[in-house]
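Work through the exercises below with the structure on screen. Try each task before you read its solution.

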Amino acid sequence: MSHYSIFSLARNALSRHENWSEAWRNPEPRAEYDVIIIGAGGHGLGAAYYLAKEHGITNVAVLEKGYLGGGNTGRNTTIVRSNYLLEGNAHFYEHSMKLWEGLSRDINYNVMFSQRGVLNLAHTDAQIDAFQRRGNAMRLNGIDAEFLSVEEIAARVPLLDCSPQTRFPIRGGLLQPRGGTARHDAVAWGYARAADTRGVDIIQNCEVTGIDVNGGRVNGVQTTRGAIRAAKIGIAVAGHSSQVAAMAGLRLPIESHVLQAMVSEPLKPCLDTVVTSGAAHLYVSQSDKGELVYGGDLDFYNSYAQRGNMPRVEEVAAALLSLFPAFSRVRMMRTWGGVMDMTMDGSPIIGKTPIDGLYLNGGWCYGGFKATPASGFCYAHLIAKDEPHPTATEYRLDRFLRGAMIDEKGMGAQPNLH
Amino acid sequence: MIINHPLLGPRDAAEFTYLGDATLINRPDWQAEDAAGKFHEYLYLRDNPAGEHRELWFHEQGDRSWLVVTRNTLTHEITKVELARDVALAAGRDK
Ligand SMILES: Cc1cc2nc3c(=O)[nH]c(=O)nc-3n(C[C@H](O)[C@H](O)[C@H](O)COP(=O)(O)OP(=O)(O)OC[C@H]3O[C@@H](n4cnc5c(N)ncnc54)[C@H](O)[C@@H]3O)c2cc1C
């Protein structure tokens, strides 16, 4: 596999870019691997990459029912942040942020990570208190956070309606300057290429239809391309976690819900910060192509439809206009939905299952893109060493039985409210 | 999405809020020996099917009744709507 650099770019330019080698192979599945990862999203591909890079385990297959990166990795709104309050989350997401900061270089692929800042708007006294508390907790954990006044916000995001007569008057905001966005497809492609280069087989159009369990141990999977054996199997299928886990007889603390997102027609650069408002139920950023990328709440009822309903599109668009009246003439270009693995406490699961050799990575809710590097890293650690990585110990599956929930918003066991 | 309310007829889903799997009606016995395990299952574990799902909806912007809706989570087709009260009574609960 050729190294991407300014020199390879120049060399290939001379031959009109017709001689680039393929970014990854398309191998036939072998009969047996040391490790099988189910699901070629960012998390599965990242896990395969770090298994090879950090642990020297290269006899690995990543099995994907469709095409790699075609799940939530290729559907999300790409916000990256580590602005969490609770211990169980803070260190993990900051671990992820640090990996993001060196990712393009590490995997020799430009993931277009842009630290343009993530701003959470506060609209009430209670929110100001909560944000200041969260900001203080972040700073105690060595994570960057700044509380901004309305004047500072107005200067930073000039198109935002900071006047007192708006629907949700803005009172302040919590900024994480190191937060931002990245190119979602590039993350899947970059990890795929880097894992493939180290010998990992990525097998697309290969749906796992059964998990073979014998005497409390896994020993392989059934797929649409035949049976494949492995003593260690890692699930990383996001919204379909419950289905795949059920193949091994497990029930999970997860409900699947649809989250929608939408983009506008491309505009000239006008919004250089990610802006979110919990009260208005909205987040928005501007992509490098110039489109406004925005979204809001879940559709609220269990769904595997991978498409959403109209009322939610309307609500999200209305929220966007209440905060940014200047966008009222901007046309919406398209909308889409992804199936979210919503957990009972709103936090993810990276852990062993009751079945030996079977591991679970899931429950990422609407926030798993930013987690991709650390999730892959910690999952590889768990699979290689059979024990959790220090930054992911609180994500064990048994936390629901132990009563050790990580409920960032204090919502209780109601997945659609997290 | 339209929910065909057994008392009020067809109503827009926007009038309702959604709770989740209808198994939430079957609250375990808190005095049983295995209550801790049963409550873990009741509160946290879900079948989460891709297909037919029986689920609880609350008519918050209407008559405030609880309904059990049978809906397909892949197509959103609704095949049955019952009053949760009737479902609970039929299952042997006293209210
Ligand atoms: C609209 C939307 C907006 C979002 N916005 C953000 C955001 O701004 N920031 C953020 O951090 N997160 C966001 N997320 C969440 C984020 O996208 C996900 O949490 C994350 O991408 C999950 O990655 P993954 O690798 O676990 O899953 P996926 O990318 O979904 O990969 C799972 C793969 O498993 C495959 N699979 C499923 N079943 C099988 C099977 N039986 N056999 C083989 N393969 C199978 C699927 O085809 C899929 O490719 C958003 C999600 C959506 C839908």
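**Exercise 1: The shell around the ligand**

E13(A) gives the largest share of the shell around the ligand, 3 residues. This is a predicted model: local features need pLDDT of at least 70, side-chain atom pairs count only at pLDDT 80 or more, and totals for chains, interfaces and linings use all residues. Residues are numbered from 1 along each chain as its sequence is written, chains are lettered from A and ligands numbered from 1 in the order in which they are written, and side-chain values use heavy atoms, with hydrogens and water left out.

Task: find how many residues surround the ligand, and how they divide into nonpolar, polar and charged.

Solution. 
- Step 1. Count the residues with a heavy atom within 4 Å of the ligand. There are 37. The closest are A:Glu64, A:Asn72, A:Thr73, A:Thr77 and A:Lys370.
- Step 2. Sort them. Ala, Val, Leu, Ile, Met, Phe, Trp, Tyr, Cys and Pro count as nonpolar, Asp, Glu, Lys and Arg as charged, and the others, Gly among them, as polar. The shell holds 17 nonpolar, 15 polar and 5 charged residues.

**Exercise 2: Polar contacts and burial**

Task: which ligand atom lies 2.5 Å from the side chain of A:Thr73? What share of the ligand does the protein bury?

Solution. 
- Step 1. Look for polar contacts (pairs of N or O atoms within 3.5 Å). At A:Thr73, a side-chain N or O atom is 2.5 Å from an oxygen atom of the ligand.
- Step 2. Check A:Thr77. A polar atom of its side chain lies 2.8 Å from a ligand nitrogen atom.
- Step 3. Move to A:Val208. Here a polar backbone atom is 2.9 Å from a nitrogen atom of the ligand.
- Step 4. Turn to area (Shrake-Rupley method, 1.4 Å probe). Alone, the ligand exposes 1000 Å², and the protein buries 96% of that.

How values were computed. A polar contact is a pair of N or O atoms within 3.5 Å; within protein, one must be able to donate a hydrogen and the other to accept it, and residues adjacent in sequence count only if both atoms are side-chain atoms. Helices (H or I, at least four residues) and strands (E, at least two) are DSSP runs, numbered from the N terminus.
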